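Please read the points below with the model open beside them. They go through single residues, pairs and totals in turn.

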Amino acid sequence: MSVQPSQRASIKLHVALSATTEQPAQVIETIGNVHDGPIGEKLADKNYILVQDRAYGKIKRFDQYAREEQYFVTRIKENVMLVKPHSLKCQAVKDSNVTKDITCFLGTRQCQSELRHRVVMFKDNNQNEIRVVTNLMHVSVEQIADMYKARWGIEVFFRWIKQNLNVPVLFGTTKNAVSNQLFAALMTYVLLMWLYDYSKLYVIAYKSIPLIRFKEQIEDDQLTS
């Protein structure tokens with residue numbers, strides 16, 4: 001996620017979001033001109049399946065993850081060549097949006113993967129083709145497609161930050177400045193939500209009270225509180 005502290009710079013928040021808890025597991029802050037790819041390695045965790053967008057993808061990194069037994073599902077760019085493809089036999093599933101399941105080398109002769117990788121192709125809701133590379137060989141193609149679709153949770157999380165915390169512009173660019181502003185926005189949001197939920201109890205309770213008794217009820221509540 002990128003936010004603008006000024007007209008000449010930006011800050012990126014790289015977030016590892018747990019699909020189970022829907023909570024951030026790790027957050028890395030960088031300036032806007034730092035490439036996303038190397039940050040993906042810092043977010044890697046062998047306890048999880050790493051699901052990433054194409055900005056984090058790199059052919060040599062796929063080989064590295066495979067050798068280190070870091071499971072991953074990463075979207076690849078449209079211009080990545082699939083070399084010596086071999087179709088995998090899979091059981092046909094009715095109404096599946098998966099179009100192809102293969103193993104192949106990735107890239108060109110000048111920059112090609114040393115290992116064969118599994119590539120799954122499927123259609124999204126707008127019938128656009130999505131290509132993801134993975135080293136998961138023991139799960140179905142539909143499960144792999146669902147894993148990548150679950151990545152949309154991070155986009156929902158970013159949208160929630162921008163819509164509810166009101167941080168389209170950052171007041172500073174240092175780590176402390178960014179953290180302080182985000183924590184202040186989070187605390188303000190939690191406080192406002194608490195006040196909103198607390199006030200709803202009185203609104204519901206007083207709806208059924210006749211107007212002539214409303215003032216008396218308020219005074220009684222103040223005396224007992």
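Is arginine 151 buried or exposed, and at what relative accessibility?

1. Arginine 151 counts as buried because its relative accessibility is 16%; buried means under 20% relative accessible area, exposed over 50%, and partly exposed in between, with a 1.4 Å probe and protein chains only. The model is predicted, with local features needing pLDDT of at least 70 and side-chain atom pairs pLDDT 80 or more, while totals for chains, interfaces and linings use all residues. Residues are numbered from 1 along each chain as its sequence is written, and side-chain values use heavy atoms, with hydrogens and water left out.

2. Arginine 151 sits in the loop between α3 (141–150) and α4 (152–164). Helices (H or I, at least four residues) and strands (E, at least two) are DSSP runs, numbered from the N terminus. Setting aside neighbours within four places in sequence, arginine 151 has contacts with Val51, Gln52 and Asp53, where contact means heavy atoms within 4.5 Å. Arginine 151 also forms a salt bridge with glutamate 155, with the closest N and O atoms 3.3 Å apart; a salt bridge is a side-chain nitrogen of Lys or Arg within 4 Å of a carboxyl oxygen of Asp or Glu. Glutamate 155 is partly exposed, at a relative accessible area of 28%.

3. How many salt bridges does this rule give? The count comes to six salt bridges. One of them joins arginine 54 to glutamate 78, the closest N and O atoms being 2.9 Å apart. Arginine 54 lies in the loop between β4 (50–52) and α2 (59–67), and glutamate 78 in the loop between β5 (72–75) and β6 (82–87), so this pair ties together parts that are 24 residues apart in sequence. Arginine 54 is partly exposed, with a relative accessible area of 29%, whereas glutamate 78 is exposed at 56%. A network of salt bridges links Arg54, Arg75 and Glu78.

4. Another salt bridge is formed by arginine 118 and aspartate 101, whose closest N and O atoms are 2.9 Å apart. This pair links distant parts of the chain, with arginine 118 in strand β8 (residues 117–123) and aspartate 101 in strand β7 (residues 98–106), 17 residues apart. Arginine 118 is buried, with a relative accessible area of 5%, and aspartate 101 is buried as well, at 6%.

5. How many aromatic pairs does a search of the whole structure find? The search finds four aromatic pairs. Rings of Phe, Tyr and Trp (its six-membered ring) pair if their centres lie within 6.5 Å; planes under 30 degrees apart count as stacked, over 60 as edge-to-face and the rest as tilted. Phenylalanine 62 and phenylalanine 72 have ring centres 5.4 Å apart and planes at 5 degrees, so they are stacked. Phenylalanine 62 is in helix α2 and phenylalanine 72 in strand β5, ten residues apart, and the pair links distant parts of the chain. Both phenylalanine 62 and phenylalanine 72 are buried. One aromatic cluster is formed by Phe62, Tyr65 and Phe72.

6. Tryptophan 160 and tyrosine 189 make an edge-to-face pair, because their ring centres are 5.0 Å apart and their planes are at 80 degrees. The pair links distant parts of the chain, tryptophan 160 in helix α4 and tyrosine 189 in helix α5, 29 residues apart. Tryptophan 160 is partly exposed at 29% relative accessibility, and tyrosine 189 is partly exposed at 23%.

7. Leu191, Leu192, Trp194, Leu195 and Tyr198 make a nonpolar surface patch of about 530 Å². Patches are made of residues with over 30% relative accessible area and no salt bridge; like charges are joined within 9 Å, and nonpolar side chains (Val, Leu, Ile, Met, Phe, Trp, Tyr) within 5 Å. Accessible areas come from the Shrake-Rupley method with a 1.4 Å probe, and for residues only the protein chains shown count as cover. Tyrosine 198 is placed in helix α5 (residues 175–207) and counts as partly exposed at 39% relative accessibility.

8. Disulfides come to a count of zero, a disulfide being a pair of cysteine sulfur atoms within 2.5 Å. Cysteine 104 is buried at 0% relative accessibility, while cysteine 111 is partly exposed, with a relative accessible area of 40%.

9. For the totals, the protein chain has six helices and nine strands. Of its 225 residues, 34% count as buried.
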